[in-house]
Amino acid sequence: MFSGKTLLITGGSRGIGKKICFEFAKRGCNIIFTYVRSSSESKKIESELLKFGVNVISKKLNLNSNDDIKKFVENIKNLDIKIDFLINNAASGVMKNSIETTEKHWDWTMQINAKGPWILSKSISKLMPSKSRIINISSPGSTKVLNNYFSIGVSKAALESITRYMAFDLASKGINVNSISASMIETDAIKHFPNQDEIEKIISRENPKKQKLLAEDIAKAAVMLCSEESEMIIGQNILVDGGDTLLLS
Ligand SMILES: NC(=O)c1ccc[n+]([C@@H]2O[C@H](COP(=O)([O-])OP(=O)(O)OC[C@H]3O[C@@H](n4cnc5c(N)ncnc54)[C@H](OP(=O)(O)O)[C@@H]3O)[C@@H](O)[C@H]2O)c1
């Protein structure tokens, strides 16, 4: 399905990003994925992905540094390949409420989750051919309140807005920009929440589909948005949650 195409994804070393790498490689897509700390794990993932007969590169990228993003983009340019799909998946953030969050926490989270993906997207878009895709990974915390999710929720709201503006600016170049909003999934990310009881309650509550949401469900939605059939889907935030956010509580 994606034979000869190339996916560039941030944060492919764990969780949802890792699953996305496998779903795309399985379909013949070459993979460039980034990590920031997990270098030995990334080497293992690289060799597993190579078994699908695709080209795989893992590279370190810290979205908290604009210099790092600039150098990373130069490296990608030097590879002299076209990037068909860019998925801004990596995220981080400080788990505090809106009163305890400091300006430093705000700047840190906004840089990694919103400004970094925007800078990366505008640079990489210059290396993207027509019929390519940019997908930003967001969360329902952009519009709803989750305890201690303040700076991340705000950064995801910014990311969804960036999605709409970039979708408008890139549509005529044949680059579709959309976001996927994932409900809660058991990955390393949610282990860092201080309110584990509340998280456990959300994770274990039954969604209307009566099926646990998995990282691979997000990966499959990304495959769908990168398929030719999604040509007219532009600037949308696609909720993937088994109907969870339809519930009042
Ligand atoms: N899990 C959920 O319930 C959930 C729900 C909604 C949305 N999401 C979104 O889905 C995406 C993936 O989440 P996840 O749960 O899979 O997270 P995760 O398991 O914590 O993985 C985070 C990934 O981002 C990378 N990363 C962290 N800080 C970075 C930085 N400063 N610069 C560049 N890369 C960095 C990590 O690299 P290293 O491995 O090298 O540290 C890792 O690959 C995020 O955008 C998250 O907000 C997750």
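Which residues lie nearest the centre of the second largest pocket? They are Lys131, Arg133, Ser227, Glu228 and Glu231, out of the 16 residues that line this pocket. The model is a predicted one, in which local features need pLDDT of at least 70 and side-chain atom pairs count only at pLDDT 80 or more, while totals for chains, interfaces and linings use all residues. Residues are numbered from 1 along each chain as its sequence is written, and side-chain values use heavy atoms, with hydrogens and water left out.

**Ligand site**

- Backbone atoms make polar contacts with the ligand (pairs of N or O atoms within 3.5 Å): a polar backbone atom of Ile16 is 2.8 Å from a ligand oxygen, one of Ile185 is 2.7 Å from a ligand oxygen, and a backbone N or O atom of Leu63 lies 2.9 Å from a ligand nitrogen.
- Taken alone, the ligand exposes 910 Å², and the protein buries 94% of that (accessible areas by the Shrake-Rupley method with a 1.4 Å probe).

**Cavity and pocket**

- On a 1 Å grid over the protein atoms alone, a cavity is a set of points where a 1.4 Å probe fits but cannot get out, whereas a pocket is an open set with protein on both sides within 12 Å along at least five of seven lines; lining residues have an atom within 4 Å of a point.
- The count comes to 1 cavity of 30 Å³ or more, and the largest cavity has a volume of about 30 Å³ (the space filled by probe spheres set on grid points joined across faces, edges and corners).
- The lining of the largest cavity includes Asn88, Asn113, Ile137 and Lys156, with two or more residues given by each of α4 (103-124) and α5 (150-170).
- The second largest pocket has a volume of about 310 Å³, and its lining divides into 6 nonpolar, 4 polar and 6 charged residues.

Methods: Polar contact = N/O pair within 3.5 Å; in protein donor to acceptor, adjacent residues only side chain to side chain. Helix = DSSP H or I, 4+ residues; strand = E, 2+ residues; numbered from the N terminus. Nonpolar A, V, L, I, M, F, W, Y, C, P; charged D, E, K, R; others polar.
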